[in-house]
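Let's take a walk through this model, starting with the overall layout and then stopping at a few spots along the way. Have the viewer open as you read.

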Amino acid sequence: MPPQRLIATALIALAALALLACGGDGGEPCPEGSERYAQYQLFLGRSTADGDEVTDEQWAAFLADTVTPRFPAGLTVLDGAGQWRDDSGTIQRERSKVLWILAAPGDETLQLIDEISEEYERRFHQDSVLRIHATACASFS
């Protein structure tokens with residue numbers, strides 16, 4: 001089972017709570033002083049198919065040339081440590097990066113997220129990138 005699926009299971013509850021906190025479907029207004037954003041979380045595994053690992057330098061280059069130009073207004077990157085049980089029952093562990101982006105909702109933003117995911121998969125020979133998309137109310141005060 002791909003590590004992204006198992007990480008997703010652990011994070012679905014977190015995403016559901018975030019949705020509930022902001023009215024879920026976007027039907028309820030955000031609290032005064034905050035605005036509604038599309039919230040994306042991308043879980044980017046650092047292990048490659050050939051047994052290597054995406055280095056800090058490779059990650060920094062990807063962030064600079066692929067992510068930042070698409071979201072220059074800001075984003076957050078967290079270090080992660082994922083684990084999952086493979087088909088043989090062995091627990092596998094993998095370092096990861098979690099990319100957290102708040103942006104204007106819409107198809108254009110979703111396209112930018114797709115481009116980031118596709119480039120990460122291509123460049124670092126990944127099977128997939130776990131993506132969580134939710135709605136959030138946020139304020140910058």
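The protein chain has three helices and four strands, where helices are DSSP runs of H or I with at least four residues and strands are runs of E with at least two, both numbered from the N terminus. Read from the N terminus on, the order is α-β-α-β-β-α-β. Before going further, keep in mind that this is a predicted model, so local features need pLDDT of at least 70 and side-chain atom pairs count only at pLDDT 80 or more, while totals for chains, interfaces and linings use all residues. Residues are numbered from 1 along each chain as its sequence is written, and side-chain values use heavy atoms, with hydrogens and water left out.

Now for the chain as a whole. Of its 141 residues, 38% count as buried, meaning under 20% relative accessible area, with exposed being over 50% and partly exposed in between (1.4 Å probe, protein chains only). The accessible surface comes to about 8300 Å², and carbon and sulfur atoms hold 53% of that; the areas come from the Shrake-Rupley method with a 1.4 Å probe, and for residues only the protein chains shown count as cover. Take the contacts (heavy atoms within 4.5 Å) between residues at least 6 apart in sequence: 71% of them join residues at least 24 apart.

One link across the sequence is covalent. A search of the whole structure turns up one disulfide, defined as a pair of cysteine sulfur atoms within 2.5 Å. Here Cys-30 is joined to Cys-137, S to S 2.3 Å. The two sit 107 residues apart, with Cys-30 in the loop between α1 (3-21) and β1 (35-45) and Cys-137 in strand β4. The torsion about their S-S bond is about -80°, so this disulfide is left-handed. Both Cys-30 and Cys-137 are buried.

Next, look at how two of the helices meet. Helix α2 (residues 56-67) packs against helix α3 (residues 107-124) at an angle of about 145°, and their axes are 11 Å apart. Axes here are lines fitted to C-alpha atoms, for helices over the stretch in contact, with angles running from 0 to 180 degrees between N-to-C directions. On the α2 side the contact includes Trp-59 and Phe-62, and on the α3 side Ile-116 and Tyr-120 are among the partners.

Finally, step past α3 to His-125, in the loop between α3 and β4 (130-138). His-125 has a positive phi of about 55° although it is not a glycine. Is this residue buried or exposed? At 54% relative accessibility, His-125 counts as exposed.
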